[in-house]
Amino acid sequence: MEPRLWLLQRATALVMAPLVVVHLILIVYAVQGGLSAEEILARTRGSLAWAAFYGLFVLAAALHAAIGLRSILREATRLSPAAVALTALAFAVLLILLGLRAVYAVTAG
Amino acid sequence: MNSASGKAQPMIEARVWRSTPRGGELVSYSVPNRDSQTILDVVTYIQQRLDPGLAYRFACRVGMCGSCAMTVNGQPRWTCRTHVDKVVRDGKVVIEPLANLPVIKDLVTDMSPFFAKWQKAEGRFVPTAGRGDPVARVDPASPQRLAASAAIECINCAVCYAACDVVRWKPDYLGPAALNRAWTLQNDERDGGQAARLRAVAGDAGCHNCHSHQSCMAACPNELNPTESIAGLKRQAARAALRGEL
């Protein structure tokens with residue numbers, strides 16, 4: 001279990017590294033000359049590429065963060081191993097649901 | 001001479017951890033400031049001249065046995081190899097038992113949990129040859145042997161274990177010394193216990209708990225780098241997991 005989670009956290013970090021760079025460059029680019037919802041939606045609506053980009057970002061971030069949260073809970077709390085696993089899993093599911101909902105909202109249509 | 005104060009002071013104020021029925025407290029002793037004096041000399045002076053009830057542990061006095069480790073000004077150190085000049089500030093020094101271990105009395109800790117973890121990490125050689133077999137020929141320049149040699153000089157003093165944040169937060173963590181020992185055996189081509197050892201160090205309390213703070217490396221009096229050994233175990237475990245062996 002530990003080696004697999006360790007590998008998964010490193011793999012998701014590897015996936016996120018270029019995504020974060022693109023995301024940051026995009027933010028700087030997007031705020032040039034003001035920021036409006038219309039402008040953003042014009043770029044993202046109907047774009048499969050952005051849906052895939054941020055969909056992948058959400059999945060990687062959710063898994064990466066949940067594994068990290070698991071480590072923190074194991075060290076900093078007295079929760080049982082089962083409670084820690086459930087909490088981390090619930091956190092991953094929550095991040096995936098909220099994240100994918102947001103991706104859907106800005107790219108669908 | 002005290003480096004921080006600029007000139008020698010005739011006496012040092014040593015604040016030393018003393019056990020009490022309720023736990024313990026720091027007690028101040030006034031000790032003469034002598035040239036080339038070590039913290040172990042200070043503790044010995046207190047026990048022989050000021051308070052014979054002070055309990056502490058030492059054996060070789062020359063940095064070979066690893067039994068005199070204590071916490072000096074918050075840092076785990078071999079007291080026999082710690083000159084007073086290096087650590088006394090404004091004529092004061094605080095001497096406590098090693099952290100992360102139960103205290104038996106005063107400056108003496110119970111090392112049992114530390115040694116038990118060496119066993120849990122399978123930190124013992126498993127021979128693959130017998131008395132009648134020829135002596136193994138190990139190439140001293142092979143990558144495996146170089147990795148083992150880099151980590152081999154550990155003398156079980158528990159300084160790294162006392163310095164480790166993760167041991168403090170997660171008391172069942174095997175800790176840097178036991179994992180460092182496991183790493184040397186994982187690189188010993190004569191050893192036959194490597195699959196079982198990898199399972200032992202890749203479990204809940206194993207190498208993946210390490211956050212690579214490197215406090216162990218910073219504190220190790222033998223200048224070993226247990227963090228690097230633990231990183232090696234993580235890589236080995238990852239490869240084994242990908243092959244479906246873990």
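Residues are numbered from 1 along each chain as its sequence is written, and chains are lettered from A, with ligands numbered from 1, in the order in which they are written. Because the model is predicted, local features need pLDDT of at least 70 and side-chain atom pairs count only at pLDDT 80 or more, while totals for chains, interfaces and linings use all residues.

Let's meet chain A. Its secondary structure comes to four helices and zero strands; helices (H or I, at least four residues) and strands (E, at least two) are DSSP runs, numbered from the N terminus. How does chain A compare with a compact globule of 109 residues? Such a globule would have a radius of gyration near 13 Å, but chain A has 17 Å. That radius is taken over C-alpha atoms, and the globule rule is 2.2 Å times the number of residues to the power 0.38. Along the principal axes, the C-alpha atoms of chain A fill a box of roughly 50 × 25 × 25 Å. Buried residues make up 14% of chain A. Buried means that 20 or more other C-beta atoms lie within 10 Å of the residue's own; exposed means 12 or fewer, partly exposed is in between, and C-beta atoms are placed from the backbone.

Now to chain B and its sheet. Five strands form an open, mixed sheet in the order S2-S1-S5-S3-S4; two strands pair if DSSP finds at least two bridges between them. Strands of a sheet pair through backbone hydrogen bonds, either parallel or antiparallel. The edges are S2(B), residues 23-32, and S4(B), residues 75-78, each pairing on one side only. From one strand to the next, the twist averages 35 degrees.

Let's look at S5(B). Four bridges join S1(B) to S5(B), and these two run parallel. S3(B) and S5(B) run antiparallel, with two bridges.

Ala69(B) stands opposite Trp78(B), and Thr71(B) opposite Pro76(B). The two strands form a hairpin with two residues between them, and Asn73(B) in the turn has a positive phi of about 50 degrees. Helix H1(B), residues 39-50, lies across S1, S2, S3 and S5 of chain B, at about 95 degrees to S2(B). Axes are lines fitted to C-alpha atoms, for helices over the stretch in contact, and angles run from 0 to 180 degrees between N-to-C directions.

Next, the core. The largest nonpolar core has 62 residues, and Ile95(B) is among those that touch the most other members. Such a core is a set of buried Ala, Val, Leu, Ile, Met, Phe, Trp, Tyr and Cys residues joined through C-beta atoms within 7 Å. Its largest share, six residues, comes from helix H7(B).

Finally, where do the chains meet? Eight residues of chain A are in contact with 13 residues of chain B, contact meaning C-beta atoms, placed from the backbone, within 7 Å. H1(A) gives the most to chain A's side, with five residues.

Note on methods. Two residues are in contact if their C-beta atoms, placed from the backbone, lie within 7 Å.
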